[in-house]
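Please find below a colleague's note on the structure shown here.

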Amino acid sequence: MNDDDHESMLDGLAGADLDGHTIDELSDYLDSGREPLDPDIEASPGCQLALDALLRLRTQTWALLKSEAATHSEQDRSWMHAVLQNISLEAHAGRDIPLRHPDPEVHLRITEGSVRTLIRGVGDGVGGVIVGRVRLDGDVTTLDAPITVAITASAAFGNNLERLSQLIRDRVVAELSTHTELNVVAVDVTIIDIHTQRVARPEDS
């Protein structure tokens, strides 16, 4: 599987999701080092998600997954395609999540899509993990409503899955408490796949 195969999986991120831009455009933008700066791309949540996905495909982790695909092509292509479909879904802004402000006339919001992106980045930052899907269950539009974060992920062979899941939970809770005011009552982590080749262990991250 080559880079063109990977990037073709992102074809679903188009049109309205990318505010009129295309994956080819964004790929060229990355190749140029994001110079000159394109304010339209930089201001688009959908474009930022797609750029993040493209960067992820070019990392060492994705290179290892690519080598796995040479041996288990259909299974791994299907799994990677599912990951990118979830990234495509997360490009949608989703619901508005309120933030408190001392002035009652000021109404601050962040988007559900940006929070899912934050969670995905935290999970992918744990060595040996690739996040498959992120979901926020509960009424995120209401302050203090109980919220459950549901995450599916793939883990590298040889990791302690219980420890790995707890590490993801701890990091996600810490980041959400820093950047949001969500009342997170649970973080459910489900490991749905095991990589047959090693990537960085949690202690290396």
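**Note on salt bridges, cores and a cavity**

1. Six salt bridges are found in a search of the whole structure, a salt bridge being a side-chain nitrogen of Lys or Arg within 4 Å of a carboxyl oxygen of Asp or Glu. The model is a predicted one, in which local features need pLDDT of at least 70, side-chain atom pairs count only at pLDDT 80 or more, and totals for chains, interfaces and linings use all residues. Residues are numbered from 1 along each chain as its sequence is written, and side-chain values use heavy atoms, with hydrogens and water left out.

2. Arg-116 counts as buried at 11% relative accessibility, and Glu-112 is buried at 7%.

3. Asp-137 forms a salt bridge with Arg-135, with 2.7 Å between the closest N and O atoms. Asp-137 is partly exposed, at 30% relative accessible area, and Arg-135 is partly exposed at 35%. Elsewhere, salt bridges that share partners join Arg-95, Glu-112 and Arg-116 into one network.

4. The protein chain has eight helices and five strands; these are DSSP runs numbered from the N terminus (helices H or I, at least four residues; strands E, at least two). From the N terminus on, the order is α-α-α-α-α-α-β-β-α-β-β-α-β. Of the 205 residues, 40% count as buried. Among contacts (heavy atoms within 4.5 Å) with a separation of 6 or more, 66% are between residues 24 or more positions apart.

5. Which residues have the most contacts inside the largest nonpolar core? They are Ile-119, Ile-151 and Val-172, in a core of 22 residues. At least two core residues come from each of α7 (112-124), β3 (129-137), β4 (146-156), α8 (161-179) and β5 (183-195), and β4 gives the most, with five. A nonpolar core is a set of buried Ala, Val, Leu, Ile, Met, Phe, Trp, Tyr and Cys residues joined through side-chain atoms within 4.5 Å.

6. Leaving aside neighbours within four places in sequence, Ile-119 is in contact with Val-134, Leu-136, Val-149, Ile-151, Val-172 and Leu-176. A second, separate core has 10 residues, including Leu-26, Ala-50, Leu-51 and Leu-54.

7. One cavity of 30 Å³ or more is found in the whole structure. On a 1 Å grid over the protein atoms alone, a cavity is a set of points where a 1.4 Å probe fits but cannot get out, and lining residues have an atom within 4 Å of a point. The largest cavity has a volume of about 40 Å³, a volume being the space filled by probe spheres set on the points. Its lining includes Ile-97, Pro-98, Val-140, Asp-144 and Glu-181.

Conventions: On a 1 Å grid over the protein atoms alone, a cavity is a set of points where a 1.4 Å probe fits but cannot get out, and a pocket is an open set with protein on both sides within 12 Å along at least five of seven lines; lining residues have an atom within 4 Å of a point. Buried means under 20% relative accessible area, exposed over 50%, partly exposed in between (1.4 Å probe, protein chains only).
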